[in-house]
Amino acid sequence: RGNAGGQHHHRINFDKYHPGYFGKVGMRYYHKTLNKFHCPAVNIERLWSLVSEQTRQVYKDKKDKAPVIDVVRAGYYKVLGKGHLPKQPMIVKARFFSREAEKKINSVG
């Protein structure tokens, strides 16, 4: 009667129409301090907004030098690969890079 068999013979119905109905799943993490997981991220489409427009114009014509964009100084740790970059070489300093971001940054120089 009622919800009987939810974990047994009526399991397909419960999994299909009521996902997450039955309690917990996975392993517990005792005393999880979130400091060690703190990792603010920025997309590559916003990298140039971290430096001034004046800096960008200065390095636009120089072929032998590239601006250094320090993402950590701006408060971000990880660079993600969303968006497009202008065809202008730059050096990006960060703690972590996604695979896509690294590919796109290397492609512009």
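Residues are numbered from 1 along each chain as its sequence is written, and side-chain values rest on heavy atoms, with hydrogens and water left out. Because the model is predicted, local features require pLDDT of at least 70 and side-chain atom pairs count only at pLDDT 80 or more, whereas totals for chains, interfaces and linings use all residues.

Secondary structure follows DSSP runs numbered from the N terminus, with helices (H or I) of at least four residues and strands (E) of at least two. Three strands form an open sheet in the order E1-E3-E5, with parallel pairing, where two strands are taken to pair if DSSP finds at least two bridges between them. E1 and strand E5 (96-97) are the edge strands, each pairing on one side only. E3 and E5 run parallel and are joined by two bridges, and Lys-78 has Phe-96 in E5 as its bridge partner.

When neighbours within four places in sequence are left aside, Leu-47 is in contact (heavy atoms within 4.5 Å) with Val-42, Ile-69, Val-71, Val-79, Met-90, Val-92 and Ile-105.

Gln-88, located in the loop between E3 and E4, counts as buried at 4% relative accessibility; buried denotes under 20% relative accessible area, exposed over 50%, and partly exposed the range in between (1.4 Å probe, protein chains only). A polar atom of the Gln-88 side chain lies 3.1 Å from the backbone oxygen of Arg-56. Apart from neighbours within four places in sequence, the contacts of Gln-88 are Trp-48, Arg-56, Tyr-59, Lys-60 and Val-108.

Two salt bridges are present in the structure, each defined as a side-chain nitrogen of Lys or Arg within 4 Å of a carboxyl oxygen of Asp or Glu. In one of them, Glu-45 is joined to Lys-82, with the closest N and O atoms 3.5 Å apart. Because Glu-45 lies in the loop between strand E1 (41-43) and helix H2 (53-60), and Lys-82 in the loop between strand E3 (78-80) and strand E4 (91-93), this pair ties together parts that are 37 residues apart in sequence. Glu-45 is partly exposed, at a relative accessible area of 41%. Lys-103 and Glu-100 also form a salt bridge (3.9 Å, N to O), and both lie in helix H3 (residues 99-108), three residues apart, which is about one turn of the helix. Lys-103 counts as exposed at 54% relative accessibility, while Glu-100, at 38%, counts as partly exposed.

Note on methods
A polar contact is a pair of N or O atoms within 3.5 Å; within protein, one must be able to donate a hydrogen and the other to accept it, and residues adjacent in sequence count only if both atoms are side-chain atoms.
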